[in-house]
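Keep the picture open as you read.

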Amino acid sequence: MKSQDIRKAYLQFFESKGHLIVPSAPIVLKDDPTLMFNNSGMAQFKEYFLGNATPKSNRIADTQKCLRVSGKHNDLEDVGFDTYHHTMFEMLGNWSFGDYFKKEAIPWAWEFLTEVLKLDKDRLYVSVFEGNEAENVPFDQDAFDIWKQFVSEDRIILGNKKDNFWEMGDQGPCGPCSEIHIDLRTDAERAEVSGFSLVNADHPQVVEIWNNVFMEFNRKADGSLEKLPAQHVDTGMGFERLCMAMQNVTSNYDTDVFTPLIEKVEQITGLKYTSNEVKNISEEQNKINIAIRVVVDHVRAVAFAIADGQLPSNTGAGYVIRRILRRAIRYGFTFLNTKEPFINQLVAVLADQMGEFFPEIKKQQTLVTNVIREEEASFLRTLDQGLQLLENVMAETKGKEVVGAKAFELYDTFGFPIDLTALILRERGFSLDEAGFEKAMQEQKSRSRAASEVSTDDWKILVDGNVESFVGYDQTENEVKIT
Ligand code: ATP
Ligand code: MG
Ligand code: MG
Ligand code: MG
């Protein structure tokens, strides 16, 4: 089944269950001071859950463009290295605003996966909230009992508060959630290790696909819980992961969501990507694969952000977008040998592929292409200058170890990425004084440590007018990663 048809099947299924189908909200949030990007399907509906607005229908379904690169949800570090976390992804979601609850939501989820899509029941596991006495939240007996009608008890994993309980923030609506995981291991691997305690954290081929949140409580200021007067359902399913399961592959990048983009990169670079089924690849090929995954992932995030009105810039959301694009340029430059702008050429492929469902990408195709090309050209110049400066540094270095502070200066003043510095030094027979680099970094950090706060909630009430700060990516960037 093609990805286009999988998306359609989901929306049609929930339409047949009385849901109003609505378009995705933009990926960039302009009027929410607590969140920079949409990072889940429910963000555009939060006013409904808070009771501040009334929905057009009490059953809604859609696919939402999400970006998880900042705040509570930051998957950037994994992108390229694993096969199922993206920066931008689509989250399929169905909602009940005070309407249906667990006894409809669970059977529908099961019906959709096993009857409409005909996924192998034998490969599905579910998780249910185990309860937490200290926090005064009960075991989700209802969900457990409903699931028991469909799956054997040993396939129901009990999950803790971190994985299976959703809270809006310190206060407000909250409730247990129930996840569905799929086991895509080979039969041989399954025979070797069975048992159902596997979740995606434990094995790269056992992947969470769908989360069903049941909002049934309200957490009060004193920390106690009360039952909400009306109960809600909020679900989110990773579209690309579902496509992976449906297309009998073990990596999102081997689905038709990504293969046209990958083919274009192959065509431009003359390099080959190997699918996840190919084992025992060389270290060299592995790096090429990672870089290609980074490029085809990041171009989607950047292209959709620009199409939704967020240009790369030096502040706020624009800065995040610029850094994502630069990460892709850097991986290309280092591992795919791309010294000229090329990522912009992928926009046409993306527009062809996604334009039917997301017309904004087609409409803004020229702008998006041009902006990306300009950004590429300018950052490639920076990289070029950095290379020159690095030459000077090496020429001035007595012995074979480059002073950490020098590398930091390149990084800090000229934007030259540290992992690239380390790589080039190594190739040229030099080493990097990593401790010295770290020290210079720490000194700079303590100088600039502002009152910015890391968001740990899905959103929070503003107390002092502070906006969620983008910290995650800087942390990633600042790590000395010697590959
Ligand atoms: P994971 O544990 O895999 O990081 P999650 O528990 O953080 O996922 P949820 O917040 O429950 O994810 O989001 C609902 C669904 O969205 C997940 O079940 C998954 O299918 C999908 N999803 C979450 N994060 C990503 C991502 N970075 N890329 C692609 N799909 C994702
Ligand atoms: Mg996650
Ligand atoms: Mg999870
Ligand atoms: Mg989850």
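In this predicted model, start with helix α8, which covers residues 259–269, and find helix α11, residues 346–354. Their axes come within 9 Å of each other and cross at roughly 160 degrees. Angles over 145 degrees count as roughly antiparallel, so that is the word for α8 and α11. The crossing in which α8 passes α11 is right-handed. Which residues make the contact? On the α8 side they are Pro260, Leu261 and Lys264, and on the α11 side they are Leu346, Val349, Leu350 and Gln353. Sorted by class, this contact of α8 with α11 has five nonpolar residues, one polar and one charged.

Now move to another pair of helices, α9 (residues 283–307) and α10 (residues 316–336). Here the axes are 9 Å apart and the packing angle is about 155 degrees. Because of that angle, α9 and α10 are also described as roughly antiparallel to each other. Is their crossing left-handed or right-handed? For α9 and α10 it is left-handed. The contact of α9 with α10 divides into 15 nonpolar, two polar and two charged residues.

A third pair has another geometry for you to look at. Helix α3 (residues 102–116) packs against helix α4 (residues 141–148) at an angle of about 40 degrees, and their axes are 10 Å apart. That angle makes α3 oblique to α4. The two helices cross in the right-handed sense. Lys102, Lys103 and Ile106 of α3 make the contact with Asp142, Ala143, Ile146 and Trp147 of α4. By class, the contact of α3 with α4 has four nonpolar and three charged residues, and no polar ones.

Next, turn to the strands. Find β10 and β11, which run antiparallel and are joined by nine bridges. One pair to look for is Asn212, which stands opposite Thr235 in β11. The hairpin of β10 and β11 has five residues between the strands, and Gly223 takes a positive phi there, near 95 degrees. β11 also pairs with β5, again in the antiparallel sense, over four bridges. Which residue of β11 is the bridge partner of Ser96? That partner is Val233.

Which of them gives the most? It is β10, with four residues in the shell. There are 17 residues around ligand 1, and those that come nearest are Asp75, Phe89, Asn211, Gly236 and Gly238. Sorted by class, the shell around ligand 1 has five nonpolar, seven polar and five charged residues.

Conventions: Residues are numbered from 1 along each chain as its sequence is written. Chains are lettered from A and ligands numbered from 1 in the order in which they are written. This is a predicted model: local features need pLDDT of at least 70, side-chain atom pairs count only at pLDDT 80 or more; totals for chains, interfaces and linings use all residues. Axes are lines fitted to C-alpha atoms, for helices over the stretch in contact, and angles run from 0 to 180 degrees between N-to-C directions. Angles under 35 degrees count as roughly parallel, over 145 as roughly antiparallel, 65 to 115 as roughly perpendicular and the rest as oblique. A crossing is left-handed if the near helix is turned anticlockwise from the far one by less than a right angle, and right-handed if clockwise. Two residues are in contact if their C-beta atoms, placed from the backbone, lie within 7 Å. Ala, Val, Leu, Ile, Met, Phe, Trp, Tyr, Cys and Pro count as nonpolar, Asp, Glu, Lys and Arg as charged, and the others, Gly among them, as polar. A residue is near a molecule or strand if its C-beta atom, placed from the backbone, lies within 6 Å of it. Two strands pair if DSSP finds at least two bridges between them.
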